[in-house]
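Subject: Structure handover

Hello,

Here is the structure for you to take over. My notes on what was found follow below it.

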Amino acid sequence: CLLLPFGETIGHWLGDIGESGEPVINNTVTIDRNYNPYQSSSTGATTDHYKWAIVVTILGTILLDFCADSSQAPSMAYLLDVSLPEDHGQACSTYSLLSGVGGCIGYLIGAINWDGTVLGELLGGNINTVFILVTVIFALCLCVTVCSFREIPLPLMERDEQLQPLTERMITEERQRRITEKNLIPMKNIADTLLLQLDNEQDALDEEHSMPNGSSDRKPLLSEFLEEKEQSSNHRSAKEFLKTTFRIPSTLGVLCLTNLFCWMSHISYSLYFTDFVGENVFGGDPMAHSDSDEYALYIEGVRYGCFGMAIYSIACSTYSCTIERMIRLFRARTVYSGGLLIDFLGMLCMAMFPNKVTVYVFSVTGGIVGALLFTMPYIILAKYHAKGLLDTSSETNPMQPRRGLASDISIIGSMLFVAQIILSLSMGPLVTLTGTTASVI
């Protein structure tokens, strides 16, 4: 947040020439059929004049993107950890709701022209004001997030079985164990059954020989067995953990692929939307001289696009509040596929009829995808884990470590990075080939 607004200043310190200060005499631009604004521009400064500024700005973008993306997956895993399985749908909807509210605030901050305000003059201009405000908001929200819930200490949770999170698979195993204890025939594992019997006898002896304060000086045999098993599992190598994590089941693979396509759709909208509005709707030129009318139109269009993104965020928040109820009515598959279909139709209409009205109207469809991205993959993943659909290690190899929810959330979230790489490599040539940013939408 500091390198981005001050990148040009740092570049000047390191020897950048910068843009020429000469005013533009003639702002009229004649466009013929073969004109392509993305090939060259002689009105503004070239990239050679901003060598260091470009490097510093790219570095700032990488750090800022890393911060945002590395906060997203852990915050979702933290949210699912501190909520009950039956509340995961509501938790994801609330997460999406607040994400939309935060996005709306951020886009509105970018849409305001701070140059003519007291705060803008105090902080050194429009760009500086935007990034400093974002920095302050982020620091405050981060402190609230990490201090809002008192977690049970992990060592205490590992020692006490009653504090460990329950899943449907664990409940099923407990029922089978009780049936085995009751009937003893048929039994899958004779050793486990004997340990259960010895544990019951040991409990009776512990009650007789317990200390005055109610605690026992001896541990049940089964507890010692579980402790040894837990210690052996803790000593498993990182190689085995990584092997288990990246051995993706087909069910999880389909979910990852779906999330990849969704992120590609969402990123192409969110990253290039303001550029689309500035050029196609307002007729501006981002490569024109900063004193020209074309560049002023482009900046005005970018601000107007920020208001459209704010509408997208409001739609994202509103839709996220209804997702859980809609899933009960129409099933998750219908809600997921239907939302993507609506977004497809909205973006197609916006690209075919680019004007100020369609920018606002069809930005709502982008909010639908935003709400789906922050809810549906994680709701589905949490259900997979609750039902034990991804954990085949207990059936094939009992010694193989179980899949972790946080690890799978990271795998699902990493589709964002893959989508960014694909789009960054393809969108530039696509715009150059077509000569218009409407192709992105």
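Is Met352 buried or exposed? Met352 counts as exposed because its relative accessibility is 52%, and the cut-off for that class is over 50%. Please keep in mind throughout that this is a predicted model.

Surface patch

Met352 is in helix H13, which covers residues 332–352. On the surface, Met352 belongs to a nonpolar patch together with Leu341, Phe344, Leu345, Leu348 and Phe353. The accessible area of these residues together is about 620 Å².

Helix H12 spans 293–330, and Arg331 lies in the loop between H12 and H13. Arg331 is not a glycine, yet its phi is positive, at about 75 degrees. Most residues other than glycine have a negative phi. With a relative accessibility of 59%, Arg331 counts as exposed.

Cysteines

How many disulfides does a search of the whole structure find? The search comes back with zero. A disulfide is a covalent bond between the sulfur atoms of two cysteines. For Cys147, the closest cysteine sulfur is that of Cys143, 6.1 Å away, and therefore too far for a bond; the cut-off used is 2.5 Å. Cys147 is exposed, its relative accessible area being 63%. Cys256, by contrast, is buried, with 5%.

Aromatic residues

The count of aromatic pairs comes to eight. One of them joins Trp263 and Phe374 in an edge-to-face arrangement, with 6.1 Å from centre to centre and 90 degrees between the planes. This pair links distant parts of the chain: Trp263 sits in helix H11 (residues 250–281) and Phe374 in helix H15 (residues 363–386), 111 residues apart. Trp263 and Phe374 are both buried.

Another aromatic pair, Tyr269 with Phe273, is tilted, at 4.8 Å centre to centre and 40 degrees between the planes. Here both residues lie in helix H11, four residues apart, or about one turn of the helix. Tyr269 and Phe273 are buried as well. They also belong to one aromatic cluster, which includes Tyr107, Phe276 and Tyr312.

One ring has a charged residue over it: Lys356 lies over the face of Tyr304, at 6.0 Å from the ring centre.

Two buried positions

Where does Asp408 lie? Asp408 is in helix H17, residues 405–413. Asp408 is buried, with a relative accessible area of 0%.

Tyr319 is in helix H12. Why does Tyr319 count as buried? Its relative accessibility is 14%, and buried means under 20%. Tyr319 and Val369 are 50 residues apart along the chain, and their C-alpha atoms are separated by 9.5 Å.

Regards

Conventions: Residues are numbered from 1 along each chain as its sequence is written. This is a predicted model: local features need pLDDT of at least 70, side-chain atom pairs count only at pLDDT 80 or more; totals for chains, interfaces and linings use all residues. Side-chain values use heavy atoms; hydrogens and water are left out. Patches are made of residues with over 30% relative accessible area and no salt bridge: like charges are joined within 9 Å, nonpolar side chains (Val, Leu, Ile, Met, Phe, Trp, Tyr) within 5 Å. Accessible areas come from the Shrake-Rupley method with a 1.4 Å probe; for residues, only the protein chains shown count as cover. A salt bridge is a side-chain nitrogen of Lys or Arg within 4 Å of a carboxyl oxygen of Asp or Glu. Buried means under 20% relative accessible area, exposed over 50%, partly exposed in between (1.4 Å probe, protein chains only). Rings of Phe, Tyr and Trp (its six-membered ring) pair if their centres lie within 6.5 Å; planes under 30 degrees apart count as stacked, over 60 as edge-to-face and the rest as tilted. A charge sits over a ring if NZ of Lys or CZ of Arg is within 6 Å of the ring centre and within 35 degrees of the ring normal.
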